[in-house]
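Thanks for coming. I will take a few minutes on one structure, starting with some backbone details and then turning to the ligand.

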Amino acid sequence: MKIEGKEYRTIWFDEKNQVVKIIDQTKLPHQFIIKDLKTVKDAINAIKVMEVRGAPLIGGTAAYGIVLAIMEKNDLSFIKKSSEDLAQSRPTAINLKWAIDRMMKKLSGVNNNELLKVALDEAKAICDEDVKFCENIGLNGLKIIEEIYKKKKDKVNILTHCNAGWLATINWGTATSPIYHAHKKGIPVNVWVDETRPRNQGANLTSYELNEEKIPNTIIADNTGGILMQRGEVDMCIVGTDRTLSTGDVCNKIGTYLKALAAHDNNVPFYVALPSSTIDWDIKDFKDIPIEERNSEELSHVEGLDKNNKVTKVLIYPKKSKAMNLAFDVTPAKYVTGLITEKGVCEASSEGLKSLFK
Ligand code: MRU
C-alpha cells in the first residue's frame with residue numbers, strides 16, 4: 001500500500017544492515033517513522049507496546065523475532081527461550097502462536113550453520129503468504145461488494161471497526177482488502193470508520209491508510225454505528241479478527257460484538273475477513289479464549305497534537321477514578337453473516353470452515 005505515493009510493506013528485512021524494519025504504529029497518524037528491530041527483545045517490545053499490532057502483523061513480527069534471536073546467539077536453548085518469550089508478548093491473537101510454531105517446526109533438526117538462512121527464508125515466506133492470502137480475501141470479498149452495488153446502483157457504505165487494514169497485516173489488510181479492490185474497480189464506496197476507543201486504531205490507522213489510498217471515509221464515534229444502521233446508511237459491515245474458533249465464533253477488538261448485535265437487529269450483513277492463520281482449531285468454547293486486559297492508562301489518557309503541533313498526552317478522567325480496559329470481545333457465530341477467507345466465503349460454522357479447509 002502507498003504512503004505519500006510510495007509503496008511499503010509493514011515489515012521487511014534490511015539485508016544491507018541486517019535489521020528488521022517496521023513502521024512504528026504508536027506514532028501514526030502524526031509521524032511516519034520507520035524503526036529498526038535489532039534483537040529479539042526489540043521484537044517482543046514492539047509487539048507489547050503495539051508499535052506493531054493486528055493479528056497477521058504480530059505473527060510476522062514474531063517470525064522475524066526468531067530470526068533476530070538466531071542472529072544474536074546461534075544456540076538452540078536461547079532460540080527456544082526466545083520463542084517462549086515471544087509467545088507471551090500478547091495473548092489474544094492466535095497468529096502469534098501459529099507463526100512461532102511454524103518457525104520452530106521448520107528449524108527442528110536443522111544444522112546450526114543453516115539455522116539463520118532457513119529461519120530468514122521461513123519468516124519471509126510467512127509474510128509473502130500473508131500478502132497473497134490478504135489479496136485473495138480482497139478478491140473474494142469484492143464479489144459481495146459488487147453484488148450490493150449491482151442492486152443499489154449507488155455508493156456502497158461499509159462500516160469497519162478497529163484497524164484490520166494494511167497496517168494490521170503485511171499488505172492489503174483483511175477487512176480493508178475487499179474495499180481496496182472495489183475502489184480499484186471503480187465501485188464508489190464510503191467507509192464508516194469506528195474511532196475504536198481506547199487506542200483509536202480506527203481513527204489513527206484505518207482512516208489514515210484509507211486517506212493515503214484516496215478512499216472516501218468518515219470517522220464516527222464507536223456508538224454511532226447503531227443509528228446509521230437504523231437510518232439505512234450502512235450496507236454492510238466488514239471487520240477483522242484476532243482469533244476465530246472452528247465453531248465460527250469471532251474474537252476481535254472490543255466493541256465488535258455490539259456492532260454485530262446492531263447489524264443483526266437492522267438486517268445489515270456482518271462479515272468477518274480473515275486468513276486461515278487466524279483460525280484456532282483447538283479451543284471449542286469461546287470463554288476459553290484469553291482476553292487481553294491492557295493498562296487503564298490507555299483509557300484515561302489521550303494523545304494528540306497541541307496547538308504548537310507537538311504530540312502531547314493528557315489525562316481526561318477524574319484523578320480518583322478507576323478504569324478497566326478489556327481489549328477484545330467475542331461475537332457469537334450466529335451474528336456473523338459469513339467469513340471471508342483466502343479460499344472463499346463460508347458460513348461462520350464448523351461445517352462452513354470445514355468446507356473450505358479440509
Ligand atoms: O489490539 P490490536 O490493535 O492489535 O487489535 C487489532 C484487531 O482487533 C484487528 O481487528 C485484528 O487483529 C484483525 S487484523 C487483520
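Backbone first, then the ligand

P198 sits in the loop that runs between β7 (189–194) and α7 (201–212). Keep in mind throughout that this is a predicted model.

The peptide bond from L28 to P29 is cis, and its omega is near 5°. P29 also belongs to a loop, in this case the one between β4 (19–23) and β5 (34–37).

One more backbone item, at E4. This residue is not a glycine, yet its phi is positive, at about 45°. As for its place, E4 is in the loop between β1 (2–3) and β2 (6–7). Why point these out? Because most peptide bonds are trans, and most residues other than glycine have a negative phi.

Now the ligand. Which residues come nearest to the ligand? There are 19 residues around it, and R53, R90, Q201, N252 and K253 come nearest. By class, the residues of this shell divide into seven nonpolar, eight polar and four charged.

An oxygen atom of the ligand lies 2.7 Å from an N or O atom in the side chain of N252. For the side chain of K253, the distance from an N or O atom to a ligand oxygen is 2.8 Å.

How much of the ligand is buried by the protein? Taken alone, the ligand exposes 420 Å², and the protein buries 99% of that. The space that the ligand takes is the largest cavity. Two elements give two or more residues each to the shell, namely α2 (55–72) and β11 (250–253).

Key:
Residues numbered from 1 in each chain as written. Predicted model: local features only at pLDDT ≥ 70, side-chain atom pairs only at ≥ 80, totals over all residues. Heavy atoms only, no water. Near = heavy atom within 4 Å. Polar contact = N/O pair within 3.5 Å; in protein donor to acceptor, adjacent residues only side chain to side chain. Areas by Shrake-Rupley, 256 points an atom, 1.4 Å probe, with all protein chains shown as cover. 1 Å grid on protein atoms, 1.4 Å probe; cavity = no way out; pocket = protein on both sides within 12 Å on 5 of 7 lines; lining within 4 Å. Sits in = over half its atoms within 2 Å of the grid points. Helix = DSSP H or I, 4+ residues; strand = E, 2+ residues; numbered from the N terminus. Nonpolar A, V, L, I, M, F, W, Y, C, P; charged D, E, K, R; others polar.
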